[in-house]
Amino acid sequence: MTKTTSRARIDVGMPAPDFALAEASGRSITLSDLRGQPVILAFYPPDWDPSRADQLAHFNWLVQQVPGVNAELLGISMDGMWCQLAFAGDSVRVPLLADLDPNGAVAERFGVQGEQALFVVNAEGVVAWRHAGPAGMAPNADELLLALEALATPTPEAQAARFAPRDEQFVPVAPCVPVREETELASALLPSRREFVTTALAAALALTVMPLAAKAEPIAARLAEPLYPEVASASVTLRVNGRPVTMNIEPRVTLLDALREYSGLTGTKKGCDHGQCGACTVHVNGRRQLSCLSFAVMHQGDEITTVEGLATGETLHPMQAAFIKHDGFQCGYCTSGQLMSATALLAEPCGPSDADVKECMSGNLCRCGAYPGIVAAIQNVRATARG
Ligand code: FES
Ligand code: FES
């Protein structure tokens, strides 16, 4: 049964109550230890994954709605309590304190006991954004957008609240709020890019981690809206992993989006969407191709193989097994593209040396630097095939 909230709720503009949390290392740190950077607090059950790929589309859509903000998120990965957001040519690392017990003492201090809630605590330790609701209730996309827009252009009251003196009880032991010159104050009143990005991420998380997405339908509907309504859809049938898949799509839909958004095959990753990273590599009629650079309507009747089609039942493709054996990946974001290139390479005129393999795989980037393992895996499979 849901417990009743016994403390006043902590609203936007109020100082976030401090609390201790245990790190995996066993070192106990407090929320105020993280002062100087925005922090996301998530009161959620443990069965959600902030790096879910479908959140990227929500995040990017949310950010695009706010004028003057230009930040396209390429990927989210988790490293302990740190959430790493990769942008084109940039990255932001944000503490994300998740899986906080919704019925625990911390939830009680935040006034959200028995609820699912997300808070963004800004660099000064003040709540900059919040969303809370009964377990199972989905947020309203419009509500989240309004919150983002308010953050991008804060009202004088919100600005004043952000810089109001904190309750003595919550002043950190070692305050790390930077001292600002008078002339810097105006720009300081606006949220930093990091703060905005953090809030947009929290909003995107709120849209996708809530168990029931009923109220989030407006955003899904908008994402599905045709960009050019006057352009007629085309019916195209691809043979994906041996099965015919027919879809009605606009001619502008790339093969990558057709696979991910229309066929539900999300193993193929969108990295740069510009033909530069190789994350989207698939096989088209047996040859590797960057699916982000090709329109789906160009592939009527083509045989498409994605990473989901490499294994045979429960048996991994030898290249998949070799990647595991040789540690050919770390975060795994590039791995499906690497695997598709590596398996295509087996049928290509690639020279025998490691340098030849590196050259043949040079279109697939790995931000984790798993290259030695990838080359070893490919050479292992080639040697086995020769033997
Ligand atoms: S997504 Fe980067 S090359 Fe296609
Ligand atoms: S990008 Fe992480 S394993 Fe390649």
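**View 1. Strands β3 and β7 of the predicted model pair in an antiparallel arrangement.** Strand β3 (residues 39-43) is joined to β7 by five bridges, where strands are DSSP E runs of at least two residues, numbered from the N terminus, and two strands count as paired if DSSP finds at least two bridges between them. Within this pairing, I40 stands opposite V120 in β7. Five of the five residues of β3 are buried, that is, under 20% relative accessible area with a 1.4 Å probe and protein chains only; V39, L41 and F43 point one way from the strand, while I40 and A42 point the other way. Because six of the seven residues of β7 (residues 115-121) are buried, that strand is largely enclosed by the rest of the structure.

**View 2. Five strands form an open sheet of mixed pairing in the order β10-β9-β13-β11-β12.** The edges are held by β10 (243-249) and β12 (287-290), each with a single partner strand, so one side of each has no neighbour in the sheet. Strand β9 (residues 234-240) runs parallel to β13 (residues 303-305) and is joined to it by two bridges, and V240 has I304 of β13 as its bridge partner.

**View 3. Helix α10 (residues 335-345) lies across β11, β12 and β13.** This helix, a DSSP run of H or I with at least four residues, is in contact with those strands (heavy atoms within 4.5 Å).

Residues are numbered from 1 along each chain as its sequence is written. Local features need pLDDT of at least 70, and side-chain atom pairs count only at pLDDT 80 or more, whereas totals for chains, interfaces and linings use all residues.

Notes
Chains are lettered from A and ligands numbered from 1 in the order in which they are written. Side-chain values use heavy atoms; hydrogens and water are left out. Buried means under 20% relative accessible area, exposed over 50%, partly exposed in between (1.4 Å probe, protein chains only). Axes are lines fitted to C-alpha atoms, for helices over the stretch in contact, and angles run from 0 to 180 degrees between N-to-C directions.
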